Amino acid sequence: MDEQEVKKLKNYAVWLLSRQEYSESGLTQKLLQKGATAAVAEQLVSWLKSLDYVNDDRYAESFLNRQIAKGLGEKRVLMDAGQKGVSRETLHTLIAEREIDWYMQAAKTYEKKYGLCAQPIEYKEKTKRVRYMSYRGFSFDEIDFAIEAAMTAAEQEEIKGE
């Protein structure tokens with residue numbers, strides 16, 4: 001690979017990082033897709049890492065923020081992390097430091113999607129809602145909590161309205 005191609009790849013890597021954060025493995029993958037050899041990609045990533053343009057801890061934190069903002073549960077966050085090149089240990093540490101309440105996260109996600117409902121839900125509708133919430137990465141305990149919280153909040157609204 002000649003110097004001109006390496007310079008183009010270097011500019012491409014900096015351009016990618018100017019748009020969004022990337023993990024080391026994610027950036028390496030992008031460079032390989034662009035035609036870099038493994039050695040050149042590794043060299044560019046280590047150069048960017050030395051400049052602190054690539055930082056896996058920072059990427060993990062922004063990844064977690066994005067996933068929480070999307071209303072995803074812990075299971076889904078951890079599953080998606082593997083696909084994005086974020087280490088599970090780093091995420092577990094971040095989650096423990098932040099003390100994220102996954103039950104409240106489930107309640108917010110449920111309320112955003114379905115609103116408050118004081119009447120009991122039919123079996124078919126409830127299974128649909130449980131399927132949606134489990135796809136979002138919530139455990140069945142968290143889903144039950146979210147459904148009960150929405151019903152309780154709806155009852156409280158009715159009492160205040162009377």
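1. Let's start with the salt bridges. This is a predicted model, and the count of salt bridges in it comes to six.

2. K49 itself is partly exposed, at a relative accessible area of 43%.

3. Next, look at E125 and K128. Here the side chains meet in a salt bridge at 4.0 Å, N to O. Both residues belong to helix α8, which covers residues 123-135, and they are three residues apart, or about one turn of the helix. E125 counts as partly exposed at 27% relative accessibility, and K128 is partly exposed too, with a relative accessible area of 47%.

4. Salt bridges can also share partners, and that joins E21, D52 and R58 into one network. Within it, D52 pairs with R58, and their closest N and O atoms are 3.5 Å apart. D52 is partly exposed, with a relative accessible area of 40%. R58 counts as partly exposed as well, at 30% relative accessibility.

5. Now for the inside. Which residues of the largest nonpolar core touch the most other members? They are L9, L17, L27, L31, A36 and L48, out of 15 residues in that core. Helices α1, α2 and α3 (38-50) each supply at least two of the core's residues. For a close look, pick L31: leaving out residues up to four places away in sequence, L31 touches L9, Y12, A13, A36, A41, L44 and V45. Apart from this core lies another one, of 14 residues, with V77, L78, V86 and W102 among them.

6. S23 deserves a comment of its own. You'll find S23 in the loop between α1 (3-19) and α2 (24-33). Is S23 buried or exposed? With a relative accessible area of 1%, S23 is buried, because the cut-off for buried is under 20%. A polar atom of the S23 side chain lies 3.1 Å from the backbone oxygen of K84. Not counting residues up to four places away in sequence, S23 touches V54, D56, Y59, K84 and G85.

7. R76 is another one to click on. R76 is found in helix α5, residues 74-84. With a relative accessible area of 16%, R76 is buried. Where does the side chain of R76 reach? It goes to the backbone oxygen of Y135, at 3.2 Å. Setting aside residues up to four places away in sequence, R76 touches Y135, R136 and G137.

8. V14, W47, L51 and Y53 make a nonpolar surface patch of about 340 Å². At 31% relative accessibility, W47 counts as partly exposed.

Technical notes:
Residues numbered from 1 in each chain as written. Predicted model: local features only at pLDDT ≥ 70, side-chain atom pairs only at ≥ 80, totals over all residues. Heavy atoms only, no water. Helix = DSSP H or I, 4+ residues; strand = E, 2+ residues; numbered from the N terminus. Buried < 20%, exposed > 50% of the residue type's maximum accessible area, 1.4 Å probe, protein only. Polar contact = N/O pair within 3.5 Å; in protein donor to acceptor, adjacent residues only side chain to side chain. Contact = heavy atoms within 4.5 Å. Core = buried A, V, L, I, M, F, W, Y, C linked by side-chain atoms within 4.5 Å. Patch = residues over 30% accessible without salt bridge, like charges linked within 9 Å, V, L, I, M, F, W, Y side chains within 5 Å. Areas by Shrake-Rupley, 256 points an atom, 1.4 Å probe, with all protein chains shown as cover.
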